[in-house]
Amino acid sequence: MKKWNSVLANLAISHVAAVFVVVMLLSSVFYIILTKNYKEELLSKNQIRMKNTVQTIETAVLKRVQQIHLDISLDKSVNLHLFTESSYDSHHSEVIEIKELIQSKVTNNSDLVHAIHLYYPNQRIMLSSSQGLRFDADKGSKFVYFEEWVNGMRTSNKNSLWTKARLVPQDIYSNLHDTYAGEIVTYVHSSPVQSSDQLSELLIAIDVKESAISSIVKDILPADYQNTLILNSSGATISDTAKGSIGVLRDHDTGIQKVLMSKSESGGFLETIHHTDYIASYHTFKTTGWKIYSAVPVSTFYELSNSNLKLIIGISLFATLIGFVLSVILAFVSYHPIKRTVMKIKHLTDHPPDLLVTNEIRLIDYAFDELTNKVSSLEDTILTNSPVIKHNIVLNMLRNSYSSEELAEIISILSIPTTLCAHYCCLLVSIDEAVTAKSSLLFCHLMNTLNIEAFQEPLHKYHVISAELTNNKIAIIVCTDIQNNQILDRISSRIISGREDQRNQNRKVSWGSWVTELTDIHISYNEAEVLMKYGYFLPRQSILKDRKILDRQNSHDEVSQSLFSQFRDKLQARQAPLAVDSVDWLIQVLQEGNYSAHYCHFALANIVFIYCDYLKCTRYKSFTDEKTDLYQQYLQIKNVEEFRDWLADSIAVFMNEMEKRSSERAVASIELAKQYIEVHLSEDLSLDIVAAKVFISPKYMSRLFKEELGVTFTEYVTSKRLEKAKTMIERNNMTIEQIASTVGYGTSAYFIKKFKETYGCTPGYYMRSMAEHNSETKLA
């Protein structure tokens, strides 16, 4: 019975019980977490993976193909509508340029594009990147390879379509049809946009490799790849691991029928296929309307769940075994120092009670009680001789951590003369450099010197107490018999002069208000701390004691946003002196106005952010290459004057670099502006908007147009709009109002006025003349 009451037995039992309870608790938690809604969670994860797969295919394949079509359509280096003109047979070089263009697109996108075809329905001409130029392309047995998308565009009221997947030979004009290029899907788009009752004059068809789609599915869904396929709206397969089923209708499967009939963008359901339960998931492509479909056996999920449960049981048993072994070891290890302590207590204690000898815990308690009685007699001596305790007392006073009763018990530790306990004031000293061990000793020497001088003062005596704070600051509590600011002036002057420190660090001193109770010293400290915050904006003041500054701290006033806008505008106009002047004006407003210190820093940080954003917008290379964090530089600045000089120097360097770069960008900027104008004739083409698009100032762009093109910016835009309007009138397929809106005129009246000024007649008259001319030409 004595053994079971021993410390060793108690330790062993407690360790074993703790291990058993923890292992059982963790096992239960793991079981609940891993089995709760397991099937639903996996279905949700499958849907997320399906969504990611769809988004990746749309971005990497579908939208990329549409961008290739857009690049070809908007390419101004070739005349895509050459074959619609009667004289195309005399422009062989232009035909070669067109073919080289589409071949380059195929080469640059060989991972995605198999071939590109340009088909002219009215002329029955086919220009292909792989087959070359073919006349009467809609005749012969080879037309079957293009018939699906040509007829599809004839019957469709849309300007584009995606065909279903199909196999194509490597060369359709070769007699060897056993060599296949692979499965492809064709994207067709008319140019220009076709009307609802006739075929466009040009069809651009892009053959997309099915392997580009299936490779994405395989990369994102490697485990479910064999059970995943992509269907079009009619149920034909676009992508499938069984390549023989490409293009085959799969609408006979019940699961696929549900997917095709579903109006939801995505979803999942349980499906029984050949007496086996499957979890099916699907997601819809927004670009094409295709659906990706995946079906995975339910048994796969249950097998994973069972394996997890077996793993938990195995880990729990193993952890229990290890826990029992460790419990025994820890019990012996924990008991060893207790046993050694008990032996020492028995050896040092002369006559311990007999009851305590048989009970180890009680014997240790008895020894601690005896030790406490002996240590308590030394406590007062330790407190009075510990400088660390003094430092902590001062810090707690500044934080208002003591009540009046608590402070009265420990006030003697600070050694404040009782005759100087009438008035108190807190001074806060800020030093630019970190407080090192050497500077700390020098400052302590200065405090001792001040106390000696105060004792020798014939009129007003005082006593100072100091404590180091964080952020390179030192708090000084001045204790005196009467409230006297001359004492504070003398102490502040001695601190700033720094005669004990030959480095003469840049110091600032802020005063708090006088208080009559030491328990209120935190009020004086808080006021001194508030004043010190304004030292950044008042660099020429070494002593901060103006009480009016305290009224600014609770102010919610803000400067006018026009000051920030003015700085931004001067930067964009590259007027460095005026930009610096706007910063000077902002600094003056912050110094003289009724703004809080926090808001003043916010205003300067806002200036830095505006400057950073402008550097990024102008693609300033020095800013990018040096990886300079201007905001971090701003945080290292000591005062507002240094901030002003730093910002002025940075702007000057930036402006010099931009002037060097401007001469090189002049020609490139003009070309970019002309391209933007050509593409966006129907939109607002003001000088400010176009200049912003090419990242130059409006004034500079206006001068470039006059110098490089010999016309003003407005004259150039007007000429381009009227040229396009004249071309559209010659086609005679739009009204005057539609043409005016298309070329960017808000009202047809102003469009008619400008057209008449340029061509000497109204648009309506010119349209009638062109119609009469076309009629005479047809009669002839």
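In the predicted model, Trp290 is in contact (heavy atoms within 4.5 Å) with Leu62, Trp162, Val185, Ile213, Ile230, Leu231, Asn232, Ile238, His283, Thr284 and Phe285, neighbours within four places in sequence being left aside. Trp290 also belongs to the largest nonpolar core, a set of 43 residues in which Ile57, Val61, Leu118, Ile230 and Trp290 have the most contacts. A nonpolar core is here a set of buried Ala, Val, Leu, Ile, Met, Phe, Trp, Tyr and Cys residues joined through side-chain atoms within 4.5 Å; buried denotes under 20% relative accessible area, exposed over 50%, and partly exposed the range in between, with a 1.4 Å probe and protein chains only. Two or more residues of this core are given by each of α2 (38-74), α3 (92-108), β1 (113-120), β2 (125-128), β6 (180-190), β7 (203-209) and α5 (210-220). Helix α2 provides the largest share, 8 residues. A second, separate core comprises 40 residues, including Tyr536, Val589, Ala605 and Tyr634.

Residues are numbered from 1 along each chain as its sequence is written, and side-chain values use heavy atoms, with hydrogens and water left out. Because the model is predicted, local features need pLDDT of at least 70 and side-chain atom pairs count only at pLDDT 80 or more, whereas totals for chains, interfaces and linings use all residues.

The secondary structure amounts to 27 helices and 17 strands. These elements are DSSP runs numbered from the N terminus, helices being H or I with at least four residues and strands E with at least two. Of the 780 residues in the protein, 41% are buried. Among contacts with a separation of 6 or more, 61% join residues 24 or more positions apart.

Helices α17 (residues 576-592) and α18 (residues 597-617) have axes that come within 11 Å and cross at roughly 170 degrees. The two helices are therefore roughly antiparallel, a class assigned to angles over 145 degrees, with under 35 as roughly parallel, 65 to 115 as roughly perpendicular and the rest as oblique. Axes are lines fitted to C-alpha atoms, for helices over the stretch in contact, and angles run from 0 to 180 degrees between N-to-C directions. Val583, Leu586, Ile587 and Leu590 of α17 meet Cys600, Ala603, Leu604 and Ile607 of α18. This contact contains 8 nonpolar, no polar and no charged residues; Ala, Val, Leu, Ile, Met, Phe, Trp, Tyr, Cys and Pro count as nonpolar, Asp, Glu, Lys and Arg as charged, and the others, Gly among them, as polar.

Ser697 lies between α22 (687-693) and α23 (698-709) and is buried, with a relative accessible area of 18%. Apart from neighbours within four places in sequence, Ser697 is in contact with Gln572 and Ala691. The C-alpha atoms of Ser697 and Leu687, 10 residues apart along the chain, are separated by 9.2 Å.

Most residues other than glycine have a negative phi. Arg124, in the loop between β1 and β2, has a positive phi near 60 degrees and is partly exposed, with a relative accessible area of 29%. Asn400, in the loop between α11 (387-398) and α12 (404-410), also has a positive phi, of about 60 degrees. At 42% relative accessibility, Asn400 is partly exposed.
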